[in-house]
Amino acid sequence: MNMQPSAADVSVTVIVPAMNEADNLPHVFATLPEWIDEVILVDGNSTDDTVAVARKLRPDLRVVVQTRRGKGNALIEGFQAAKGDIIVMIDADGSTDGREIRSFVDALLAGADFAKGSRYAPGGGSDDLSPVRSLGNKALTGLTNLLYGTRYTDLCYGYNAFWARHLDALNLDCDGFEIETLMNVRAAKAGLVISEVPSHERSRIHGTSNLNAVRDGLRVLRTILRERSGRASIQGHTQVAFAE
């Protein structure tokens with residue numbers, strides 16, 4: 001009989017890519033559950049006190065200094081350093097709530113290989129999505145579903161979790177904001193069991209986002225099309241379900 005693992009059987013690593021987020025980290029770290037086993041801050045060569053603030057907030061923190069630039073590269077370097085059975089990726093600007101990590105972990109423990117946050121799933125939402133970004137996201141999500149046979153509701157969202165053993169299947173190799181799209185597409189193409197988890201995105205607390213809707217939207221579009229034409233087709237049927 002194949003028994004699903006329990007929360008007591010697995011370790012969880014949280015990856016936090018950050019560049020000049022010293023003012024936001026106290027809010028972010030305050031939401032992290034006490035049962036998290038490992039937190040890795042990937043510092044994009046910050047010029048403020050990001051690393052010092054993070055270490056003061058969490059003395060057991062592991063710090064990875066990013067060797068290149070971009071959110072995608074930061075996450076990849078964090079993933080490579082992670083020791084946990086489950087890897088969770090959250091943002092350092094206060095937009096993602098660490099208290100939701102339980103829902104992502106529960107989805108994985110229930111049988112999912114990859115748990116992706118969705119602001120459009122029942123129970124999800126956003127305080128930050130502009131009409132232009134929302135329209136673009138829906139269009140890109142629809143295109144992905146058409147080309148890859150998925151049933152995603154939210155393609156461009158950075159709150160995700162997965163079993164570390166699937167890193168090789170994801171084979172991530174991009175530097176920018178398109179990292180979430182690449183993960184979602186490659187998870188589908190690898191035939192992973194994917195569960196969408198309702199998530200509520202909050203507005204950035206301090207500072208200004210580096211996201212550019214047009215520039216990064218085009219990068220996402222190129223990623224969708226390149227993956228369709230340049231890599232192997234989906235292995236079997238991709239299962240997408242909503243977490244309870």
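Student: What do the side chains of Arg-204 and Asp-93 form?
Tutor: In this predicted model, the side chains of Arg-204 and Asp-93 meet in a salt bridge, at 3.9 Å from N to O, where a salt bridge means a side-chain nitrogen of Lys or Arg within 4 Å of a carboxyl oxygen of Asp or Glu. Arg-204 lies in the loop between E9 and H8 and Asp-93 in the loop between strand E4 (86–89) and helix H4 (101–109), so the pair ties together parts that are 111 residues apart in sequence. Helices (H or I, at least four residues) and strands (E, at least two) are DSSP runs, numbered from the N terminus.

Student: Is Asp-93 buried or exposed?
Tutor: Asp-93 is buried, with a relative accessible area of 13%, while Arg-204 is partly exposed at 22%; buried means under 20% relative accessible area, exposed over 50%, and partly exposed in between (1.4 Å probe, protein chains only).

Student: Which salt bridge does Arg-204 form with Glu-21, and how far apart are the closest N and O atoms?
Tutor: Arg-204 and Glu-21 form a salt bridge whose closest N and O atoms are 2.9 Å apart. Glu-21 sits in the loop between strand E1 (12–18) and helix H1 (25–30), and Arg-204 in the loop between strand E9 (200–201) and H8, so this pair ties together parts that are 183 residues apart in sequence. Glu-21 counts as buried, at 8% relative accessibility.

Student: How many salt bridges does the count come to?
Tutor: By the rule above, the count comes to 16 salt bridges. One of them joins the side chains of Asp-106 and Arg-102, at 3.6 Å from N to O, and both residues lie in helix H4, 4 residues apart, about one turn of the helix. Salt bridges that share partners also join Asp-173, Arg-186, Lys-189 and Glu-227 into one network.

Student: Switching to H7, how many of its residues are buried?
Tutor: H7 is mostly covered, with 11 of its 11 residues buried, among them Arg-186 and Lys-189. Gly-191, which follows H7, has a positive phi near 75°.

Student: And Asn-171, where does it lie?
Tutor: Asn-171 lies in the loop between helix H6 (167–170) and helix H7 (179–189), and its phi is near 45°, a positive value in a residue other than glycine.

Student: Anything on numbering and cut-offs?
Tutor: Residues are numbered from 1 along each chain as its sequence is written. Local features need pLDDT of at least 70 and side-chain atom pairs count only at pLDDT 80 or more, whereas totals for chains, interfaces and linings use all residues, and side-chain values use heavy atoms, with hydrogens and water left out.
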